[in-house]
Amino acid sequence: MLSILFTKYAVRGLVYLGVLATATSQPLCAEKPEVLEKAWQEYQFLSMEVAETYFQEALKQDTEESYLQEAKIGLAMVSQFRERGGDLDVAEKLYQDVLEQDPPEETRRLIHSFLADLYLSRGEDEKALDLLNTLIETSPESVLGQDALIRKTIFTMGAYGSPESLAAAAEVETVLSELNLEVSEERPYLLPMIHSLVGNIYFWAADYSKSAVHLDAFSRIGTPETTSYGSQASVLYRLAKIFENKLNQPELAGNYYRRLITGYPNVGMSYYSLERAIQYKTITRSEVEDLRLNGLTSEILDELFSQSEGEKN
Amino acid sequence: MSKSKKEGGGKWINMIGLAVLVVCYAGAIWNVVKAKRQESRADVIRVVHWQLELGVRDGLASLIEDFEALKAEQGQSVEVVQIPIPEGAYNQYVTTQLIGGTAPDMIQIGKFPVEYLGRYFYPLSNKLQKPNPFLGERLAELNQKSERSEVEETQRTLLETLAPKAWMDTFNDGLRGQFVPEFQEYFGVGFSTFTVRMYYNKNLFLKVLGHDRPPASFEELISFSEAIKEYGEEHSISLLPIASSKYQAEVFRNRYLGEITSDLDRLWDLDHSGEMDGVESLMAMLRGEHTPWNPQYRAAMDVVQSLASFFPRGFMSMGREDSGFAFVQGKAGMITSGSWDALSYLKKIQDQPVENRFEVGIFDLPSISLTHPEYGIYADGRLSEASAGTGFAFGITRFTSNFDLCVEFLQYATTPEMNTHVNEIAGWIPVITGAIPKEWLKNFQPNIVGYVGNIRFEVLGGGKVKLREDQVFWPLISGDTDYETYASELWSSLPAEAATDFKRLYEGSRESIPNRQARKSAYLANVVFGGQDPQNRAVNEIQLQRSLQPLLLFKTTQKKMDRMLELTLEDAPEDERSVEFNQEFFKALEREMSQ
């Protein structure tokens with residue numbers, strides 16, 4: 001009985017799909033037109049005139065509606081972001097055209113994100129902030145919402161060290177505390193950038209404990225691949241200095257020096273960090289030897305470890 | 001008569017002009033036809049670089065030959081054309097080709113504005129984060145062999161570690177040197193690394209000093225130099241202790257300024273980024289700490305002055321080649337230069353008549369020890385070469401129609417065997433893990449031990465403060481002025497120059513924002529339009545994050561500069577010299593900002 005029912009519904013489903021496929025003149029999930037790919041590539045090189053030509057060509061293609069909307073958004077972006085000869089009114093009109101076509105939700109948010117920038121360029125700050133707030137509220141779990149959060153923070157924070165900057169940082173912390181997101185090293189979203197921004201706000205306001213919390217988060221969520229080798233090394237050094245000079249917690253400083261020398265031996269401050277890690281006894285001689293650092297002879301190691309012992313005694 | 005003669009002469013000149021035009025036109029057509037014929041016969045990739053040093057072109061030519069042979073075996077006709085351009089004309093050549101849209105497929109990175117990378121070069125980060133396929137192929141090949149030689153077994157062991165790694169992680173420095181912070185991207189793949197050492201004439205040392213060992217300390221560097229100088233004077237022969245030009249003097253200045261002041265660089269690094277930048281340097285001036293009368297700075301200048309007394313007279317007007325020439329001719333005891341000159345020096349010495357040839361020794365510039373009677377109290381240690389990085393790097397231009405082939409060429413060039421091979425011929429230091437440098441190059445291997453940074457007078461890279469310091473530095477080093485004149489002339493002009501540099505940095509940070517914003521908008525769109533596959537989406541999000549990093553930096557630079565000024569003023573010194581300096585600086589800054 002069940003198998004008969006299943007067959008009946010399966011056949012009906014196939015018929016509906018067939019009708020749907022015939023009714024739409026386009027194949028489902030057609031490949032993105034090559035010209036549209038080319039347009040984006042030129043746009044990334046900031047070759048705006050060529051990108052514009054390709055986007056216009058893409059608009060003439062017989063393809064899915066979503067690709068036509070993408071091309072129109074691309075054209076609007078050219079008008080908005082080109083270095084010379086841009087036209088914000090044209091850009092706005094094109095964005096509005098797409099919005100009227102009822103695009104997918106994420107496309108709508110992308111347009112709102114660009115419109116926020118556009119309004120800021122025109123000095124229409126209230127309108128821009130409204131859009132940024134909506135993006136933060138409706139999609140904090142996506143990079144669109146997180147990007148909006150970063151932009152809003154920079155726009156509202158005022159000077160480093162000001163009360164406004166601390167209020168902006170606190171607002172970001174509220175958003176972060178309510179996030180329901182599975183963040184990993186492979187998919188960090190924009191969280192390393194958010195933590196870096198807030199860490200800096202607290203650093204320049206001399207709230208070093210809070211600064212360290214966020215800089216540490218940057219170093220744990222971010223990796224050399226997702227942020228960069230240099231910025232990771234630099235943040236570890238900064239954390240070590242904060243704990244060493246500002247918070248007077250040399251043990252913790254030693255741990256960061258250790259992380260720096262073991263993870264990032266190819267930066268200028270590597271050897272200095274090695275010395276400090278040895279001084280704070282957060283790295284052993286055999287661990288250093290395993291690093292096989294060029295130029296680090298056993299005589300130098302003898303000296304470094306004996307100095308460290310001397311300080312202990 | 002004279003009129004017709006003149007007319008005749010005019011006609012001839014016209015004819016000659018026309019002939020030159022025709023020849024040039026024919027030449028141009030021939031070049032185009034040749035290139036087209038080349039392209040129709042094979043997949044052609046063109047590689048341009050400025051390394052005209054001995055051996056480098058041969059090293060590349062050999063690499064190219066092997067690559068072409070490999071592709072031919074695979075049934076693909078490939079031609080790689082090497083285009084060496086003199087260093088002086090390189091920037092102009094590359095700029096013209098890039099702007100004209102006719103650039104070669106691969107270009108050696110350097111000597112052009114960093115902004116070109118974002119506009120004309122493909123980012124390579126994604127490729128570099130995947131393994132180099134040539135390593136896996138070679139490993140599979142070795143694994144299939146039933147019997148392996150000792151060399152093959154060693155190679156197999158090495159490849160077992162390297163093959164699964166990301167391509168970038170097969171470089172000794174993880175290719176960090178090619179990371180471009182302004183774009184948070186990698187654009188270049190490099191073949192070699194470089195360090196600076198001292199070369200010395202062993203035969204001359206033996207004759208003059210009675211031994212041929214290098215100086216073991218800074219004191220010995222001075223005493224050996226004195227001995228060579230005296231020997232030359234006693235025997236009335238033209239003998240230089242240290243062959244030098246402005247180029248070499250800069251090497252000494254950089255090295256010993258770092259040795260004596262790198263601890264101050266760390267101390268004045270207000271944001272704890274690991275190195276003091278120009279703005280932080282200015283803040284130290286405003287706090288009255290960074291002045292030419294700072295005892296550590298003064299000691300470093302003394303060190304350079306003491307070395308300069310062993311340079312040839314008029315060294316400032318000499319070129320780098322002139323000093324190299326004096327050394328290879330046996331007229332100098334020592335010279336400082338980079339590993340890039342090693343092969344050229346050795347070859348030129350071999351080209352001398354037999355009686356003039358000599359053995360060359362290489363040593364690291366000796367450090368100032370803690371026990372040095374004058375400078376020991378300031379001695380910090382040698383300059384670290386941990387970030388020596390990977391140079392001689394090539395990027396792929398957006399005008400190539402053979403992107404994949406270019407990547408393949410770079411991957412092929414950076415296997416341990418090929419990297420050893422190319423550098424063996426070029427006489428340079430390889431950069432791939434497991435690639436072996438020539439025996440005599442081992443002294444050039446980058447040494448991690450030491451520190452970085454120094455406290456030179458420079459607010460904006462190559463800006464007005466630097467220019468002014470240069471103007472007064474060279475007369476000091478060449479002995480034309482005394483230290484007090486140097487210090488007071490520099491200090492009196494610094495407030496105005498520093499204000500100009502500060503303004504340029506302040507406003508310059510905003511100028512970069514529109515371009516970064518445009519690029520970021522592309523990456524944001526790419527996240528939304530790049531498909532819903534979670535893996536792809538994560539890659540696109542990471543790219544967006546990378547583009548955000550420099551944008552955030554530029555957007556907060558003014559805030560950071562304002563805050564640094566604010567904090568510095570809270571701590572402003574009250575001595576007369578500093579008060580006067582600060583008043584003049586802020587007056588000049590106000591004037592600059594109102595313009």
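I began with the sheets, taking two strands as paired if DSSP finds at least two bridges between them, with strands (E, at least two residues) and helices (H or I, at least four) being DSSP runs numbered from the N terminus. I noted that this is a predicted model, in which local features need pLDDT of at least 70 and side-chain atom pairs count only at pLDDT 80 or more, while totals for chains, interfaces and linings use all residues. Residues are numbered from 1 along each chain as its sequence is written, chains are lettered from A and ligands numbered from 1 in the order in which they are written, and side-chain values use heavy atoms, with hydrogens and water left out.

**Entry 1, an open sheet in chain B.** I looked up the strand order and found E8-E9-E7-E10 of chain B, four strands in an open sheet with mixed pairing. Strand E8 (240-243) and strand E10 (360-363) of chain B stand at the edges with a single partner strand each, so one side of each has no neighbour in the sheet. From one strand to the next the twist averages 20°, where axes are lines fitted to C-alpha atoms, for helices over the stretch in contact, and angles run from 0 to 180 degrees between N-to-C directions. I then followed strand E7 (residues 196-201) of chain B, which runs antiparallel to E10(B) and is joined to it by four bridges; B:Tyr200 has B:Gly361 in E10(B) as its bridge partner.

Helix H13 (residues 320-328) of chain B lies across E7, E8 and strand E9 (332-338) of chain B, and runs at about 135° to E9(B). Beyond its neighbours within four places in sequence, B:Ser323 is in contact (heavy atoms within 4.5 Å) with B:Ala243, B:Ser244, B:Ser245, B:Gln248, B:Met318 and B:Ile335.

I found strand E6 (residues 188-193) of chain B mostly covered, with six of its six residues buried. E6(B) pairs antiparallel with strand E11 (residues 391-396) of chain B over four bridges, and there B:Val189 stands opposite B:Phe394. Two bridges also join E6(B), again antiparallel, to strand E12 (residues 429-430) of chain B, where B:Ile429 is the bridge partner of B:Thr193.

I took a nonpolar core as a set of buried Ala, Val, Leu, Ile, Met, Phe, Trp, Tyr and Cys residues joined through side-chain atoms within 4.5 Å. In the largest, of 183 residues, A:Tyr43, A:Phe55, A:Tyr95 and B:Phe502 touch the most other members. Helix H18 (residues 483-511) of chain B gives the most to this core, with 10 residues. A second, separate core has 42 residues, among them B:Val47, B:Tyr186, B:Phe191 and B:Ala435.

I counted 16 helices and zero strands in chain A, and buried residues make up 51% of its 313 residues. The mean pLDDT of chain A is 90, with 89% of its residues at 70 or more, pLDDT being the predictor's confidence in each residue, from 0 to 100. Over residues 1-28 of chain A, however, pLDDT stays under 50, and the model has five contacts beyond four places in sequence for them.

Conventions: Buried means under 20% relative accessible area, exposed over 50%, partly exposed in between (1.4 Å probe, protein chains only).
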